[in-house]
Amino acid sequence: MLLLLREPGRDTWVGQWLRQDGDALTEPFAVPVPANAPSLVLEPLVGGGLALRVEGEWVLWFPGGESEALPAPAWLAAHPGSDLYRIRNGRAYALVPPPTLVEGSGCRESIRLFSSDGTDCGELTLPFGAGTCLSRPGIALDGTVIQQLQLAIPAADQCAWRWWPRLLR
């Protein structure tokens with residue numbers, strides 16, 4: 001488990017890997033992140049370690065159990081704003097970029113697929129479904145892809161989804 005914390009009274013962040021029982025696995029180490037960063041997201045990587053997204057940018061990689069922060073893998077850093085999922089039973093990746101509005105059609109939503117070493121394996125483009133571009137497709141642990149649909153019903157609190165069971169298992 002990786003603990004990231006802002007040092008009290010300072011404008012720096014530190015990280016430290018912990019064992020499951022909470023005891024230290026490594027010594028604390030510097031994490032080069034702006035102290036005022038409002039949004040930090042950690043995602044697990046295939047083979048161990050974690051990737052850090054700061055304000056939408058994939059910036060760092062923490063090798064599992066090591067006292068260091070390295071630049072994010074190039075394939076990941078090249079896709080700012082994307083959500084990262086592990087797929088294929090944790091052996092590959094899917095990146096979900098922000099949707100793009102296509103005039104007259106709605107939102108274009110896609111999923112980029114990558115091997116465990118970051119090789120680009122292609123793109124899956126979903127059928128048009130959302131009109132506002134406010135949501136993104138999600139991927140469940142079993143590889144099910146879930147897309148929120150835009151309903152043209154003037155009633156409040158209406159939601160609909162389309163899904164493809166185990167598509168990316």
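Biologist: How many salt bridges does the structure hold?

Modeller: This is a predicted model, and the structure holds 7 salt bridges. Side chains of opposite charge can pair when their charged atoms come close. One of the bridges joins the side chains of Glu 7 and Arg 10, with N to O at 3.4 Å. Glu 7 is partly exposed at 22% relative accessible area, and Arg 10 is also partly exposed, at 48%.

Biologist: Which parts does the salt bridge between Glu 123 and Arg 108 tie together?

Modeller: The side chains of Glu 123 and Arg 108 meet at 3.2 Å, N to O. Glu 123 sits in strand S13 (residues 120-125) and Arg 108 in strand S11, so the bridge links parts 15 residues apart in sequence. Glu 123 is partly exposed, with a relative accessible area of 38%; for Arg 108, likewise partly exposed, the value is 29%.

Biologist: Which residues are joined with Arg 108 and Glu 123 into one network?

Modeller: Arg 112 and Asp 120 belong to that network, through salt bridges that share partners. Arg 112 bridges to Asp 120, and their closest N and O atoms are 2.7 Å apart. Asp 120 is partly exposed at 39%.

Methods
Residues numbered from 1 in each chain as written. Predicted model: local features only at pLDDT ≥ 70, side-chain atom pairs only at ≥ 80, totals over all residues. Heavy atoms only, no water. Salt bridge = Lys/Arg side-chain N within 4 Å of Asp/Glu carboxyl O. Buried < 20%, exposed > 50% of the residue type's maximum accessible area, 1.4 Å probe, protein only. Helix = DSSP H or I, 4+ residues; strand = E, 2+ residues; numbered from the N terminus.
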